[in-house]
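This briefing describes one protein chain for a reader who has its sequence and its three-dimensional form at hand. Please keep both in view while reading the points that follow.

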Amino acid sequence: MTSSRRKIPDEILTAAHERARAREARDWTEADRLRGVIEAAGWKIVDRGTDFALTPVAAPTIEEPDGLVRFGSSGDVPSRLDERSTGVATVVLIATDWPADVDRAIAGLTAHAPDGVSIVIVADGASAEQEAALATAARDEAEPSIKVIRTAERLGQAAALNAGFRRAAGPVVIVLDASVEPTGDIVTPLVAALDDPTVGVAGGWGVVTDNLRQFRDAPPGDVDAIEGYAFAFRREDVAARGPLDERFRFYRNLDIWWSLVLRDAGEGHRPRRAVSVELAAVRHEHRDWATVPEAERDRLSKRNFYRIIDRFGWRRDLARPST
């Protein structure tokens, strides 16, 4: 196998130059924001006086003898976000250690989804069993609407989703957790919810909060955030508001953070809405919750929640859905 030398993406180089200008202007807030953008994309920036150096912090992308590519970072995945959208929606799933769960979710989705739905499976440092299932299915070749992206090592929840987002072709992106089994068409109601320009994010399960510190389950309707089981947003917002913060390696609370990012229209402006809709789907055991020891689960969840507080803790305008 061979490793590809990582070319610095144009957007990362541009962000680095903009950060250098912000530092020169002593705009430390903007400089810190741009550092976050650079690091979230898998690059490390080292200041050298008025200059800088960029180095990758992720594993190299590997091309195997049979031509199969394993990407070392989300930023190495060729992006389609600048291309014109096609179809109805793209569904993104992450595959790691439980192939039966992925097969169940895909089977339910393909049995009921309307025409024009593409599927991207991100095999994020997948287990041998998961790799074997994907190879046996030969989904890349057998089903044009289903594509598999493989990583060189486990990147974590946010990075894996970023990789999937970069291959999304549909105007709506739907993140579907492998614990969810569609029993009917879940795509059409999610796409329909986003026909309303006041809606920034839609999904099957929502939560509300009074203070951005405690969140509780809510019935269908306007909510404050959408849980990551089935989570839909516009593809154009991936480019405009993303990428996801890749420090969210564990899944917990990333959905709340991204919901608030998608809703945020800026201080002093009316936030976009989050809407929960009824979906024909069954939720099964969530493996990342069930298989991580409780103490570790709590530690990782708390660390992720601090990222929400750091960015949105003072934004009480986001604590209640717009009506």
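In this predicted model, Asn-253 is found in the loop between α8 and α9. Asn-253 has a positive phi of about 75 degrees, although it is not a glycine. With a relative accessibility of 9%, Asn-253 counts as buried, because the cut-off for that class is under 20%.

**The loop between α8 and α9**

- Pro-243 also has its place in the loop between α8 (235-241) and α9.
- The peptide bond that leads from Gly-242 to Pro-243 is cis, and its omega is near 0 degrees.

**Helix α9**

- Of the 10 residues of α9, 10 are buried, so this helix is largely enclosed by the rest of the structure.

**The nonpolar cores**

- The largest nonpolar core has 41 residues, and among those with the most contacts inside it are Leu-161, Phe-165, Leu-244, Trp-257 and Trp-258.
- Helix α9 (residues 254-263) provides the largest share of this core, namely seven residues.
- A second, separate core is made up of 37 residues, including Ile-146, Val-187, Ala-193 and Val-199.
- Which residues does Leu-244 contact, leaving aside its neighbours within four places in sequence? They are Ala-40, Ala-158, Leu-161, Asn-162, Phe-165, Leu-254, Trp-257 and Trp-258.

**The second largest pocket**

- The volume of the second largest pocket is about 640 Å³.
- Its lining consists of 30 residues, of which Glu-227, Tyr-251, Arg-252, Asn-253 and Asp-255 lie nearest the centre of the pocket.
- The lining divides into 15 nonpolar, seven polar and eight charged residues.
- At least two lining residues come from each of α6 (157-165), β13, β16 (230-234), α9 and α11 (294-312).
- Helix α9 gives the most to this lining, with four residues.

**The open sheet and its hairpin**

- Three strands form an open sheet in the order β13-β12-β15, and their pairing is antiparallel.
- β13 (215-218) and β15 (225-226) stand at the edges with a single partner strand each, so one side of each has no neighbour in the sheet.
- Strands of a sheet pair through backbone hydrogen bonds, in either the parallel or the antiparallel sense.
- Strand β12 (residues 206-209) is joined to β13 by four bridges in the antiparallel sense.
- Within this pairing, Val-207 has Asp-217 as its bridge partner, and Thr-209 stands opposite Phe-215.
- β12 and β13 form a hairpin, with five residues between them.
- Leu-212 is placed in the loop between β12 and β13, and its phi is near 65 degrees, a positive value in a residue other than glycine.
- Leu-212 counts as buried, with a relative accessibility of 1%.

**Strand β17 and its partners**

- Both faces of strand β17 (residues 273-276) are covered. Arg-273 and Val-275 are buried on one side, and Ala-274 and Ser-276 are buried on the other.
- Strand β11 (residues 199-203) pairs with β17 in the parallel sense over four bridges, and Gly-203 stands opposite Ser-276.
- Strand β14 (residues 221-223) pairs with β17 in the antiparallel sense over three bridges, and the bridge partner of Gly-221 in β17 is Ser-276.

**Ile-45 in strand β2**

- Ile-45 has its place in strand β2 (residues 43-48).
- Is Ile-45 buried or exposed? Ile-45 is buried, with a relative accessible area of 4%.
- Beyond its neighbours within four places in sequence, Ile-45 is in contact with Ala-16, Arg-19, Arg-35, Ile-38, Phe-52, Ala-53 and Leu-54.
- Ile-45 and Pro-271 are 226 residues apart along the chain, and their C-alpha atoms are separated by 33 Å.

Definitions and conventions
Residues numbered from 1 in each chain as written. Predicted model: local features only at pLDDT ≥ 70, side-chain atom pairs only at ≥ 80, totals over all residues. Heavy atoms only, no water. Pairing = 2+ DSSP bridges. Core = buried A, V, L, I, M, F, W, Y, C linked by side-chain atoms within 4.5 Å. Buried < 20%, exposed > 50% of the residue type's maximum accessible area, 1.4 Å probe, protein only. Contact = heavy atoms within 4.5 Å. 1 Å grid on protein atoms, 1.4 Å probe; cavity = no way out; pocket = protein on both sides within 12 Å on 5 of 7 lines; lining within 4 Å. Points joined across faces, edges and corners; volume = space filled by probe spheres on them. Nonpolar A, V, L, I, M, F, W, Y, C, P; charged D, E, K, R; others polar.
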